[in-house]
Structure formats: C-alpha cells, structure tokens
Amino acid sequence: IKSINEIVMSVRETMTQQRSATQEITENINQASLGLKEINQNVSQTSEAAGQVASEISDVNESANEMSNSNAQLNQSAQELSKMAVQLKEKIEQFNV
C-alpha cells in the first residue's frame, strides 16, 4: 500500500506539473494570438495607407498631365502670337515707306 501510495503521489505531482505546463502553453498561445491580431491590424492600416498614397499619386499624375497639356497650349498660343507680331511688324513697315 505504501508503494502504491508513493506511485499515486508521483502521478499526482506529474499531473500537477503537466497542468502547470499546459496552462503556461495556453497563456503563450493567447499572447501569440493577441500579437497576431495586432499585426493584422497594422497590416490592414498599412494597406489602407498604401491605397491612399496610390490614389494621391494618381491625382498628382493627372494634375501633371493637365499642366503639361496647358503648357503645350500656352506654347502654341505663344507661337501664334509671335507670328502675329511678325505680321503686324510687316504691316507697320508698309506704312513707313
């Protein structure tokens, strides 16, 4: 009976140690889960920010294209104005003769 009692006590201690180890593992898993949730939130926020940046880049690109078109129109108008100035100068020279 004493031998069986010692075995039972040994089994009880082992089970207590296993219970403690299992609780520690469970706590570690819960902490890891919380960490993963934070990572997922950060990834989601980063993804959203990247989407906003991409949208803003698209807007800037569109504005640059509009400015380029306006610049081309301004250049064309300047060339036409220069031609008109030459023509006007020629007309004025006809009156000076």
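Is M15 buried, exposed or partly exposed, and at what relative accessibility? M15 counts as partly exposed, because its relative accessibility is 47%, where buried means under 20% relative accessible area, exposed over 50% and partly exposed in between, with a 1.4 Å probe and protein chains only.

Before going on, note that this is a predicted model, in which local features need pLDDT of at least 70 and side-chain atom pairs count only at pLDDT 80 or more, while totals for chains, interfaces and linings use all residues. Residues are numbered from 1 along each chain as its sequence is written, and side-chain values use heavy atoms, with hydrogens and water left out.

Start with the whole chain in a cartoon view: the protein has 1 helix and 0 strands, both taken as DSSP runs (H or I of at least four residues for helices, E of at least two for strands) numbered from the N terminus. The C-alpha trace spans about 140 × 10 × 10 Å along its principal axes. The radius of gyration is 41 Å, whereas a compact globule of 97 residues would have one near 13 Å; the radius is taken over C-alpha atoms, and the globule rule is 2.2 Å times the number of residues to the power 0.38. Of the 97 residues, 0% count as buried.

Next select I7, V11 and M15, which make a nonpolar surface patch of about 280 Å²; M15 lies in helix α1. Patches are made of residues with over 30% relative accessible area and no salt bridge, with like charges joined within 9 Å and nonpolar side chains (Val, Leu, Ile, Met, Phe, Trp, Tyr) within 5 Å. A salt bridge here is a side-chain nitrogen of Lys or Arg within 4 Å of a carboxyl oxygen of Asp or Glu.

Then select E56, D59, E62 and E66, which gather in a surface patch of negative charge. Within this group, E62 is found in helix α1, which covers residues 2-96, and E62 is partly exposed, with a relative accessible area of 47%.

Finally, select N69, which is also found in helix α1 and counts as partly exposed at 49% relative accessibility.

Technical notes. Areas by Shrake-Rupley, 256 points an atom, 1.4 Å probe, with all protein chains shown as cover. Lys, Arg positive; Asp, Glu negative; His and termini not counted. Charge placed at Lys NZ, Arg CZ, Asp CG, Glu CD.
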